[in-house]
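Trainee: Please pick one part of this model and go through it closely. I would like the local details set out in order, with a word on how far the coordinates can be read.

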Amino acid sequence: MNDPSPCAKELSTAAQVLARPLVLCVDDEPNILSSLRRALRHPGWRIVTVSSGPEALDQMRREPADVVISDMRMPDMDGVRLLEQVRDHWPETIRILLTGHAEVTAAIAAINRGRIFRYINKPWDDVEIKATVHQGLELIALQRDKARLEELTLAQNLRLRELNEELEQRVLERTKELADANRKLKKNFLTSIKLLSNLLELRGGRLLGHGRRVAELARTVARAMALDDQQIQDIFVAGLLHDVGHVVLPDALLQKPVARLSQDELVHYRQHCALGEQLLMALEEMQNVAALIYAHHERYDGRGYPDALAGSDIALGARILAVVDTYDELQNGHLGGAQPSASEARVLLQQGRGTQFDPEVLEIFLQVTQVARAEASTALILGSDGLEPNMVLAADLISPEGVLLLSAGHRLTDALIRRVRVYELRAGQQFRLHIQRA
């Protein structure tokens, strides 16, 4: 390995010298300064001597000393004034005052005014003055370590705060990503359930659109009753699938109104509640929905099926479905063959208050259907050429084959309007869409 160059050696030596503490001695008597230099001889210290206060200040401006030892009595500027200025401009410097025995009172005043570290009487003891300087240097080292640690702590706290803010931002971003993904999954889940409901209803007859209508209206009632989001979704999905047990029933049985079923046929028909629950048994996340499907034909007075539950023993979601399901089945003729109007169906439902239906649920249902009828009467009816983005459907859009294309409440987009128009061209038929008024 090459030896360091002479220039590098000189720089290293200079750095080592500058790293040694500097002690500045101030006195107007050369013999006192010589004595101080001898007394303070130390391999780790640098000793500089000057003969007046102004010279001491000049030296401090060039290189601030770690310790200043000043005589009390000096011409031009005494030790007290000098150390006061040192305190004002270099407060970290340790200040020591040399005094005579007759100057004790003035020395005490100087300690108060100049915040002097210590005063030493002349003639001094070499061991004492050296120990005093050593104590002063130790105090400086402690103060500098304290300042360094405080600065380091402050920097670390600032960095920690930055890291916390970065972490919080990352958590917020990740939370948003998860929320977006969850919303997408939820939307896809509901879309899949709606597709399954559509497939069930393609068997035709009175089932067509029934599950969709029950789900939408049951969700509206649940919202009016201020249920939480999870309950509302469970009720909506249960509404879509409440008749999923019909898949195992023969078409001939489903085509007959319930009032015209024989006793054996009625027993067979009533199994669809339990069958619907069984079909969802393997889906863990659907168990609340399955329970609502199982109980949606219970009656408030305990005369329903399959378990003859009564009152609050019936899940609230099932009580809501019982009202809405009956309302829709009255109008499609599934219950008795006749097909009463919406107004007539509402009157018939009121006859079951407190017997077949929960009175509170029925009252909320009557209120929301009254509002829905009022809103439907004010809907705009437009052809596809009159559609604009952000319009909202006021009623379901059904294909000629009975398939649900778009459900009520769907907000239109440019792309969706184009697809509707393409479908019309292919089908050779124009739609009349019910649009909510702004």
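Mentor: A residue is called buried when its relative accessible area is under 20%, exposed when it is over 50%, and partly exposed in between. V247, with a relative accessible area of 41%, is therefore partly exposed. A patch takes residues with over 30% relative accessible area, and V247 at 41% therefore passes that cut-off. Together with V248 and L279, V247 makes a nonpolar surface patch of about 240 Å². V247 itself sits in the loop between α8 and α9, the latter spanning residues 251–255.

The model is predicted. Its mean pLDDT is 84, with 85% of the residues at 70 or more. The stretch 8–15 has pLDDT below 50, and beyond near neighbours in sequence it makes one contact in the model. Where pLDDT is low, the predicted coordinates should not be read in detail.

Helix α12 itself covers residues 287–295, and its buried residues are V289, A290, L292, I293, Y294 and A295.

The loops around these helices have backbone details to check. Between α12 and α13 lies P306; the peptide bond joining Y305 to P306 is cis, with omega about 15°. In the loop between α7 (210–224) and α8 is A226. A226 is not a glycine, yet its phi is positive, near 60°. Its relative accessible area is 65%, over the 50% cut-off, so A226 is exposed.

K122 and P123 are joined by a cis peptide bond with omega near -5°, and P123 is in the loop between β5 (118–121) and α6 (126–201). N390, likewise not a glycine, has a positive phi of about 80°. The loop between β6 (380–382) and β7 (397–398) contains N390. N390 counts as exposed because its relative accessible area is 52%, against a cut-off of over 50%.

Terms used
Residues numbered from 1 in each chain as written. Predicted model: local features only at pLDDT ≥ 70, side-chain atom pairs only at ≥ 80, totals over all residues. Heavy atoms only, no water. Buried < 20%, exposed > 50% of the residue type's maximum accessible area, 1.4 Å probe, protein only. Helix = DSSP H or I, 4+ residues; strand = E, 2+ residues; numbered from the N terminus. pLDDT = per-residue confidence, 0-100. Contact = heavy atoms within 4.5 Å. Patch = residues over 30% accessible without salt bridge, like charges linked within 9 Å, V, L, I, M, F, W, Y side chains within 5 Å. Areas by Shrake-Rupley, 256 points an atom, 1.4 Å probe, with all protein chains shown as cover. Salt bridge = Lys/Arg side-chain N within 4 Å of Asp/Glu carboxyl O.
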